[in-house]
Amino acid sequence: MNATVAMILALAVGTYAFRLVGPLLHGRATVPARVQELASAGAVVLLVALLATGALTESGGFAGWARPAGVLVGGVLAWHRAPFAVVILGAAATAALLRLAGVA
């Protein structure tokens with residue numbers, strides 16, 4: 001067995017173990033409210049960081065203004081609880097129209 005297969009198997013076993021721990025420890029261990037708040041905040045921060053890097057960068061550089069504008073329009077539509085299809089179409093249309101107008 002080569003190193004790549006061994007690493008994939010190790011990651012698979014680790015992932016399965018993490019998924020198994022939740023149901024096994026349910027009700028036996030209590031997590032303080034402060035830790036739950038910090039975990040929730042951490043998840044939001046990670047999602048915002050992922051959104052920012054996906055919206056602002058391409059191939060290690062700035063992606064241009066059309067993509068962030070589309071993401072901003074999609075975010076505003078989602079904030080106002082627009083249907084998912086409207087959010088996606090609004091973001092895509094914004095980026096497409098800006099690119100059509102020559103805004104990179």
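This is a predicted model: local features need pLDDT of at least 70, side-chain atom pairs count only at pLDDT 80 or more; totals for chains, interfaces and linings use all residues.
## Helix α3

Helix α3 covers residues 66–79, a run of 14 residues. From its first C-alpha to its last it reaches 20 Å, close to the 20 Å expected at 1.5 Å a residue.

The buried residues of this helix are Ala66, Pro68, Gly70 and Gly74. They pack against two other helices, α2 (33–56) and α4. Just after α3, Arg81 takes a positive phi of about 60°.

## Packing of α2 and α3

Two packed helices are described by the angle between their axes and the distance between the axes. For α2 and α3 the angle is about 140°, and the axes are 8 Å apart. That angle makes α2 oblique to α3, because only angles over 145 degrees count as roughly antiparallel.

On the α2 side, the contact is made by Leu51, Gly54, Ala55 and Leu56. On the α3 side, Arg67, Pro68 and Val71 take part. Pro68 is also one of the buried residues of α3.

## Thr94 in helix α4

Thr94 lies in helix α4, which spans residues 84–100. Its side chain reaches the backbone oxygen of Gly90 at 2.8 Å. An α-helix has 3.6 residues a turn, so residues three or four places apart point the same way.

Leaving aside residues up to four places away in sequence, Thr94 touches Ala69, Gly70 and Val73. Of these, Gly70 is listed among the buried residues of α3, and the buried residues of α3 pack against α4 as well as α2.

## The aromatic pair

The structure holds one aromatic pair. Phe62 and Trp65 form this pair, with 5.1 Å centre to centre and 70° between the planes. The pair is edge-to-face, because planes over 60 degrees apart are counted that way.

How accessible are the two partners, Phe62 and Trp65? Phe62 has 48% relative accessibility and so counts as partly exposed. Trp65 is exposed, at a relative accessible area of 61%. The cut-off for exposed is over 50%, which is why Phe62 and Trp65 receive separate labels.

## Ser40 in helix α2

Ser40 is found in helix α2. With a relative accessible area of 45%, Ser40 is partly exposed, because the value falls between the limits of 20% for buried and 50% for exposed.

Ser40 and Leu11 are 29 residues apart along the chain. Their C-alpha atoms are separated by 25 Å.

Technical notes: Residues are numbered from 1 along each chain as its sequence is written. Side-chain values use heavy atoms; hydrogens and water are left out. Rings of Phe, Tyr and Trp (its six-membered ring) pair if their centres lie within 6.5 Å; planes under 30 degrees apart count as stacked, over 60 as edge-to-face and the rest as tilted. Buried means under 20% relative accessible area, exposed over 50%, partly exposed in between (1.4 Å probe, protein chains only). Helices (H or I, at least four residues) and strands (E, at least two) are DSSP runs, numbered from the N terminus. A polar contact is a pair of N or O atoms within 3.5 Å; within protein, one must be able to donate a hydrogen and the other to accept it, and residues adjacent in sequence count only if both atoms are side-chain atoms. Contact means heavy atoms within 4.5 Å. The expected span of a helix is 1.5 Å times one less than its number of residues. Axes are lines fitted to C-alpha atoms, for helices over the stretch in contact, and angles run from 0 to 180 degrees between N-to-C directions. Angles under 35 degrees count as roughly parallel, over 145 as roughly antiparallel, 65 to 115 as roughly perpendicular and the rest as oblique.
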